[in-house]
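My entries follow the order of my searches.

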Amino acid sequence: MFKVVVSQSDDIDTEDAVLELIASSEEQLNGLKPQAGLVYCGTEYDHEEVLELLYERFPGLQLIGCTTDGEMSSSGGFTEDAITLTLFCSDTISIAAGIGKGAGTDPYKAAKDAVNMAKAELDGEPKLAIVMPDGLTSNAYQVLDGLNKVLGLEVPVVGGMSADRVAGSKTEYATYQFCADKVYSDAVPVLLFSGPILYSLGVESGWSPIGEKMTVTRSEENVLYELDGRPAFDLYTHYLGDVMKESISGLGSYPLAIYESGIDKFYLRVAKAADPETGKVTFLGEIPQGAQVQITQAIRDQVIDGVHQSVENAVAAYPGEKPGAAMMFSCTGRKIALGSKTREEVERVKASLPDSIPMSGFYTFGEIGPVSGNTNARYHNTTFVTLLMGEA
């Protein structure tokens, strides 16, 4: 037996919102006892109170979660500053939570501590990991490297970076992570699954490459200096001259497609700053030296089409008859690009999934998932990640 229930509340009062979630969950559980859960929470709530109330009702729950830039679910659709609760029940699949602290200082240790804590409570070897590292303090690439090393490359890692609400003239941001009944920052929460669990993944963006591929001939972490021996910024001025003349901030609308050796699909990197004098461009994630790259572009309809393709790929790859739940991780960058059309993402998910499958997700500061096939996880930008789950 594998049952997942999803509840969502946008009540502005923390206690009322959580009580609404509990009441909705209990009605759907119909007497079943949940063993694990995910909670996605807007930044305006009292997060300690949220967890305290949930644990009061569900003591011992193997729970992780984080703050978001928006939530989505089969229960409440698209919301901002709401709370979404997903509860897992199973008598065959083991699920355990863990947390690692100090991700900004030592991401490898944080990842290792999180996995080891969860494995201590897990029956059997891990087969799947859901993670939500701090989206501001931690180096996603190093966190993933740590997770892959301690879990092994055969265990898929999927999730999203904890987020904060991006709005208006806001300039200071903070993200928080949850494990059990405690609130953290600068941490890596992980939920591990073992036993007869089935899963499949879909990872798509909707952005399309333009122009010729170029080789990264000089880069350092998230700073790109040269492409084919020329200043990196020249690529943008060559293809987007007028846009760059008007505002360098327009860089963010044209992510860079990254093709690593031996992988036929690309993942995206969003530029956050550029220096026209030196030609260097700074991105929101690492740019591997030796990789090939292309500028990409997309219109709103193509971004929405990326959701459909992500879900369709996951559905096509699912190894069982029908999944029991769907988890979604979408990017703040997509939300910004879509604007008033953002709610169409969750509507497209519902239309693409088999009927009556519970679904939940959140808007992240970067997505985590494979590039294609059985490749180990990468950190993505402006991408939509679909995880389907069920029981063998």
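**Entry 1: strand pairing.** I began with the rule I needed: two strands pair if DSSP finds at least two bridges between them. I also noted that this is a predicted model.

I then turned to β17. How many bridges hold β17 and β21 as a pair? I found four, and the two strands run in the antiparallel sense. Strand β21 covers residues 292-297. I picked out L256 and found its bridge partner in β21, which is I295.

Next I checked β17 against β18. These strands run antiparallel too, and three bridges join them. Here I258 stands opposite Y267 of β18.

I also looked at the side chains of β17. L256 and I258 lie on one side of the strand, and A257 and Y259 lie on the other. These four residues are all buried, so both faces of β17 are covered.

**Entry 2: a hairpin.** I moved on to β19 (residues 271-274) and β20 (residues 281-283). They pair in the antiparallel sense, over three bridges. I looked up A273 and found that T282 is its bridge partner in β20.

The two strands form a hairpin, and six residues lie between them.

**Entry 3: positive phi outside glycine.** I looked for positive phi values in residues other than glycine. I noted N30, where phi is near 55 degrees. N30 sits in the loop between α1 and β2 (36-41). Is N30 buried or exposed? It counts as exposed, because its relative accessibility is 68% and the cut-off for exposed is over 50%.

D228 is not a glycine, yet its phi is positive, at about 50 degrees. I placed D228 in the loop between β15 (223-227) and β16 (230-231). Its relative accessibility is 42%, so D228 counts as partly exposed.

**Entry 4: salt bridges.** I searched the whole structure and got 14 salt bridges. I wrote up three of them.

I took E80 and K335 first. Their closest N and O atoms are 2.7 Å apart. The pair links distant parts of the chain, 255 residues apart. E80 is in the loop between β5 (77-79) and β6 (83-90), while K335 is in helix α7 (residues 332-338). I compared the two ends. E80 has a relative accessible area of 32%, so it is partly exposed. K335 has 9%, so it is buried. I also found E80 and K335 in a network of salt bridges, linked there with D69, D81 and R165.

I went on to E204 and K265. Their side chains meet in a salt bridge, with 2.6 Å from N to O. Why does this pair tie together separate parts of the chain? E204 lies in strand β13 (residues 197-204) and K265 in the loop between β17 (256-259) and β18 (267-269), so the joined parts are 61 residues apart in sequence. E204 counts as buried because its relative accessibility is 19%, and buried means under 20%. K265 is partly exposed, with a relative accessible area of 27%.

R348 is partly exposed at 27% relative accessibility. D305 is partly exposed as well, with a relative accessible area of 41%.

**Entry 5: back to helix α6.** I stayed with α6 and looked up V311, which has its place there. V311 has a relative accessible area of 0%, so it is buried. I then checked V311 against S200. They are 111 residues apart along the chain. Their C-alpha atoms are separated by 9.9 Å.

Entry 6: I followed up on E15, which is found in helix α1 (residues 14-29). Its relative accessibility is 39%, so E15 counts as partly exposed.

How values were computed. Residues are numbered from 1 along each chain as its sequence is written. This is a predicted model: local features need pLDDT of at least 70, side-chain atom pairs count only at pLDDT 80 or more; totals for chains, interfaces and linings use all residues. Side-chain values use heavy atoms; hydrogens and water are left out. Buried means under 20% relative accessible area, exposed over 50%, partly exposed in between (1.4 Å probe, protein chains only). A salt bridge is a side-chain nitrogen of Lys or Arg within 4 Å of a carboxyl oxygen of Asp or Glu.
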